[in-house]
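Please consult the sequence and the structure shown here while reading.

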Amino acid sequence: MAEATKITTLDNGPFLVTGPVLLTDAAGQQFHSERETIALCRCGASTTKPFCDGTHGKIGFSAAERAVKESSGQA
Ligand code: FES
């Protein structure tokens, strides 16, 4: 059975992606990582986008604390 990819949001920090992933940017450039877990920038301030470089901590990035569940199809 293939290993599932897991994405975890850190409070006021990056997305942690664990497991197999092929990351492709809007220009089609692919990013490969030998690491088991990568951190993707969520604040937009990283100088190593799409990866987190820790800048979120210096700028006081504040994100939604928890995921919002979708309603059951009711508008
Ligand atoms: S989330 Fe870490 S630098 Fe943006």
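Two strands are said to pair if DSSP finds at least two bridges between them. Strands (E, at least two residues) and helices (H or I, at least four) are DSSP runs, numbered from the N terminus. The model is a predicted one, in which local features need pLDDT of at least 70, side-chain atom pairs count only at pLDDT 80 or more, and totals for chains, interfaces and linings use all residues. Residues are numbered from 1 along each chain as its sequence is written, and side-chain values use heavy atoms, with hydrogens and water left out.

**The hairpin**

Strand β1 (residues 6–9) pairs with strand β2 (residues 15–18) in the antiparallel sense, over 4 bridges. Within this pairing, Ile7 has Val17 of β2 as its bridge partner. The two strands form a hairpin with 5 residues between them. Asn12, in the loop between β1 and β2, has a positive phi of about 55 degrees although it is not a glycine.

Phe15 has a charged residue over its ring: Arg42 lies over the face, at 5.1 Å from the ring centre. A charge counts as sitting over a ring if NZ of Lys or CZ of Arg is within 6 Å of the ring centre and within 35 degrees of the ring normal.

**The aromatic pair and the cavity**

A pair of aromatic rings is described by the distance of the centres and the angle of the planes. Rings of Phe, Tyr and Trp (its six-membered ring) pair if their centres lie within 6.5 Å; planes under 30 degrees apart count as stacked, over 60 as edge-to-face and the rest as tilted. A search of the whole structure finds 1 aromatic pair. Its members are Phe31 and Phe51, edge-to-face, with 5.8 Å centre to centre and 80 degrees between the planes. Because Phe31 lies in strand β4 (residues 30–31) and Phe51 in the loop between β5 (37–40) and α1 (55–59), the pair ties together parts that are 20 residues apart in sequence.

Both phenylalanines also line the largest cavity, together with Val21, Leu23, His32, Ser33 and Ile38. On a 1 Å grid over the protein atoms alone, a cavity is a set of points where a 1.4 Å probe fits but cannot get out, and lining residues have an atom within 4 Å of a point. A volume is the space filled by probe spheres set on the points, which are joined across faces, edges and corners. The structure holds 1 cavity of 30 Å³ or more, and about 40 Å³ of space lies in the largest cavity. Its lining divides into 5 nonpolar, 2 polar and no charged residues. Here Ala, Val, Leu, Ile, Met, Phe, Trp, Tyr, Cys and Pro count as nonpolar, Asp, Glu, Lys and Arg as charged, and the others, Gly among them, as polar.

**Loops and accessibility**

Pro50 lies in the loop between β5 and α1. A cis peptide bond joins Lys49 and Pro50, with omega about 10 degrees.

Buried means under 20% relative accessible area, exposed over 50%, and partly exposed in between (1.4 Å probe, protein chains only). The table lists residues with their classes.

| Residue | Relative accessible area | Class |
|---|---|---|
| Asn12 | 27% | partly exposed |
| Arg35 | 66% | exposed |
| Pro50 | 24% | partly exposed |
| Phe51 | 23% | partly exposed |
| Ala67 | 77% | exposed |

Arg35 belongs to the loop between β4 and β5, and its C-alpha is 8.7 Å from that of Thr18, 17 residues apart in sequence. Ala67 is in the segment after α1.

Terms used. On a 1 Å grid over the protein atoms alone, a cavity is a set of points where a 1.4 Å probe fits but cannot get out, and a pocket is an open set with protein on both sides within 12 Å along at least five of seven lines; lining residues have an atom within 4 Å of a point.
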